[in-house]
Amino acid sequence: MSYPPALALTLAVEVPVYVAALTAAAAPGVRRTAAAAVLVNLVTHPLLWWFLGRAAALPGAAYWPLFAGAESAVCLVEGALVARLLRLRGTLPYAASAAANAASVLAGLLVLT
């Protein structure tokens, strides 16, 4: 899959997850939450895509731990950015990030198989 469809799939999956998770917990509105979700993905997705593109050249046994570490880092960064953008405290932004990214990874794996 090339980069533009991968980004589109990521946004199509992650933005609704962020909106559902964060607006249910009193985040500041659907549009602001959706905008924050798009913004954090525009920060992390290109870096993750670049990194995983390089890691893909490695044997499978070496790739998957790097994939897991990179996705974990993305969850932490996105959670922190969402918390900052929406002025949220606690673990909710990180839980929303983990859920959104897990859904995105699953969607990507389903599309590729």
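**Cores, aromatic rings and helix packing in the predicted model**

Arginine 87 is exposed, with a relative accessible area of 69% (exposed means over 50%, buried under 20% and partly exposed in between, taken with a 1.4 Å probe on protein chains only). This is a predicted model, in which local features need pLDDT of at least 70 and side-chain atom pairs count only at pLDDT 80 or more, while totals for chains, interfaces and linings use all residues. Residues are numbered from 1 along each chain as its sequence is written, and side-chain values use heavy atoms, with hydrogens and water left out. Back at arginine 87, phi is near 55°, a positive value in a residue other than glycine. Arginine 87 sits in the loop between helix 3 and helix 4 (helices are DSSP runs of H or I with at least four residues, strands are E runs of at least two, and both are numbered from the N terminus).

Next, the inside of the protein. The largest nonpolar core has 14 residues, and those with the most contacts inside it are Val15, Tyr18, Leu22, Ala27, Val82, Leu86 and Leu88. A nonpolar core here is a set of buried Ala, Val, Leu, Ile, Met, Phe, Trp, Tyr and Cys residues joined through side-chain atoms within 4.5 Å. Helix 1 (3-23), helix 2 (30-55), helix 3 (60-86) and helix 4 (92-112) are the elements that give two or more residues to this core. Apart from it lies another core, of seven residues, including Leu52, Ala55, Tyr63 and Phe67. As for valine 15, leaving aside residues up to four places away in sequence, this side chain's residue touches Thr10, Ala34, Ala37 and Val38 (contact means heavy atoms within 4.5 Å).

Then there are the rings. The structure holds four aromatic pairs; rings of Phe, Tyr and Trp (its six-membered ring) pair if their centres lie within 6.5 Å, with planes under 30 degrees apart called stacked, over 60 edge-to-face and the rest tilted. Tyrosine 63 and phenylalanine 67 make a tilted pair, at 5.9 Å centre to centre and 35° between the planes. Both lie in helix 3, four residues apart, about one turn of the helix, and both are buried. Tryptophan 64 and phenylalanine 67 pair up edge-to-face, at 5.3 Å centre to centre with 70° between the planes. Because they are three residues apart in helix 3, tryptophan 64 and phenylalanine 67 are separated by about one helical turn. Tryptophan 64 is partly exposed, with a relative accessible area of 46%, whereas the value for buried phenylalanine 67 is 16%. Together, Tyr63, Trp64 and Phe67 form one aromatic cluster.

Helix 3 and helix 4 pack at an angle of about 140°, with their axes 8 Å apart (axes are lines fitted to C-alpha atoms, for helices over the stretch in contact, and angles run from 0 to 180 degrees between N-to-C directions). That makes helix 3 oblique to helix 4; angles under 35 degrees count as roughly parallel, over 145 as roughly antiparallel, 65 to 115 as roughly perpendicular and the rest as oblique. Among the residues making the contact are Trp64, Phe67 and Val82 of helix 3 and Pro93, Tyr94 and Leu109 of helix 4. The axes of helix 1 and helix 4 come within 8 Å and cross at roughly 150°, so helix 1 and helix 4 are roughly antiparallel to each other. Their contact includes Tyr18 and Leu22 of helix 1 and Pro93 and Val111 of helix 4.
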